[in-house]
Each structure stands twice: as structure tokens, then as C-alpha cells.
Amino acid sequence: MRQVYVNGDYLPETEARVSIFDRGFLFADGVYEVTLVLDGRLVDFSSHMARLRRSLGELEMPFSLRDENLLEIHRELIERNEVSEGLVYLQVTRGAADRDFIYPKEPTPNTVVLFTQKKSIVDSPLAVHGQHVVTLDDLRWRRCDIKTVQLLYPSMAKMQAKSQGADDAWLVKDGFITEGSSSNAFIVTIDGKIVTRDLSVDILQGITREAVLLYAGNVQLRLEERPFTVEEIENATEAFSTSASGLVNPVVSINGKPIGAGKPGSITADLRQIYVERSRASAI
Ligand code: PDD
């Protein structure tokens, strides 16, 4: 049985317990990170921890565990669960307190849970065949830069996409794509530029997004960080999404219209390969 971490203990998943008064449960007052594991090692761990600190800071949530402690817990779980490839999920909430919209006056101990998911991520059918996406209104709250656990709208969006026979939804705000339901969105223009939305409160600053921009720059691809429209996607030669769980994942149609040749593009494939190679080389 899977071993999980909860507030200092490693336990079989069926024995882990969290209070019904946990503010994560009652108010979605919590933040999370999902870190990729390749060859039993963590990819971009320090970037994930930096983003965690930023999310905590934006919510003024005290948290005493240090990155070294968190690294140790991640590694312990990878080892105990024999994860060679997959993900580690980390969630920190403000802890348990009698239900009140106001944050507790005296800080409560955080609830910290971690668990692993074994998964074949590099070899994925979506990477071979490409994703079909549909666009939906971005009805999320206005602080999408904070990685909170309130994921109901992304979940609804994904369900709506599935019900339309698609793999995922790309979200649209004021006529421009913000991001995917759980990934950042990219296109490759006809003149070979890689375009993704610039950082703001409208999107999550994806760790994979950052790495891919860096690697793309290293191989002299031209980059543009700016909002883009659905029409630009229809006229793009390629499109892809990035996330810890999907890596660099081709998108082959939008709202039923093929993008470029309607199959995964070569720039996307190259970026995926570079991303996997560099991630394997730098994982800790
Ligand atoms: N989601 N945008 C959103 C809204 C996300 O939820 C995610 C990640 C990303 C990509 O971020 P990163 O490259 O750091 O994984 C962008 C994770 C994987 C999840 O919720 O499972």
C-alpha cells in the first residue's frame, strides 16, 4: 500500500487523518505543488519550492518547514513507494480552526500532506497523438498566479472539454487565451516564433513554462511573451501545453479545427526531447 506523509508521520494512505475543521477543506485555504519525478529524482525542485514560498507569502500563511526538510520528505516518499517515474504532490494548508472567514488570530499548525503518484509520463499516448482542446470562458478567480487548492473550475472545465470529446480546455479571458485548465499554453507562429502569455495574475507561473522558454532560447528559437487570440491558434503551425505532469504536450486541434498539419509538430517534439534530456540531467 502507498505510504503518504501527514504532519510529520509516514503512514499507509488508509491511516492518514486530517481534521474536518482544516481550512483547506472548509475554505480551500491552502497551496500545493506537483513535482515531476524522473529516474527516481526530482525535477526543478528548487523552482517548485520558490513558487510554494511565493504562494504562501501571497496568502500570508506562516509555514515553518524549510526546503531541506521538504526535500528530505519528497525523497523519503519516492524511496518508500519505489517511484521511478511519476509525481510528488505537496499540500500545505493554514491548518484547523473553528470555522471563521477571518484567519485564526493565533497561527494554527499547518496541515502538510505529501503523496506520490506512479505514472508513465515520458511515454504518453497524448504526446504521440496530440491533444484536442476546446476553448472555454476563464471563470476562475483573479489570482491565478497563486497555486491554491481551489481547483473546482479547472475541474469543471476539463469535464466540459471531455463531454465535447476533447482532451482539455484552453481558457479565454477578454478575447485572449490565458492558459490551459492545468497547464500553460503555447503556439508556434507561421514565422517560427514561440508565443506564450506573459506572466501576470492571469496565469500560473509554470515551472515547465520557465524551463522550456530557457531551453528554447538556448537553441536560438525566437520567443514572444504576450497574450494571443483563438484566431492566432487557428493560424499557428503548432501548439503545445506545458506542465509537470504533461511535460511539453502537443495540441493538434482547437474547437475541432486542425492546427497546422493537424498532428504533433516538429518544434514541439524537439522541445519535448530537450526538456526531458535536461530534466533527467539536472534532477536531484
Ligand atoms: N498543474 N497552469 C495551471 C493552471 C496549472 O495548474 C499548472 C500545473 C500549470 C503548469 O505548471 P508547472 O509547469 O509548474 O506544472 C499551469 C499541476 C501539474 C496540477 O495541478 O496537477
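By class, the shell around the ligand in this predicted model is made of five nonpolar, 10 polar and four charged residues, where Ala, Val, Leu, Ile, Met, Phe, Trp, Tyr, Cys and Pro count as nonpolar, Asp, Glu, Lys and Arg as charged, and the others, Gly among them, as polar. In total 19 residues surround the ligand, with Tyr32, Glu179, Ile207, Thr208 and Ala244 the closest, and a residue is taken as near if one of its heavy atoms lies within 4 Å.

Residues are numbered from 1 along each chain as its sequence is written. Local features need pLDDT of at least 70 and side-chain atom pairs count only at pLDDT 80 or more, while totals for chains, interfaces and linings use all residues, and side-chain values use heavy atoms, with hydrogens and water left out.

Turning to polar contacts, meaning pairs of N or O atoms within 3.5 Å, the side chain of Glu179 places an N or O atom 2.7 Å from a nitrogen atom of the ligand, whereas the side chain of Arg51 has one 2.8 Å from a ligand oxygen atom. Ile207 instead uses a backbone N or O atom, which lies 2.8 Å from an oxygen atom of the ligand.

Finally, domain 1 (3-118) and domain 2 (125-282), with bounds from an automatic or database domain assignment, both give residues to the shell, so the ligand lies between them.

Notes:
A polar contact is a pair of N or O atoms within 3.5 Å; within protein, one must be able to donate a hydrogen and the other to accept it, and residues adjacent in sequence count only if both atoms are side-chain atoms.
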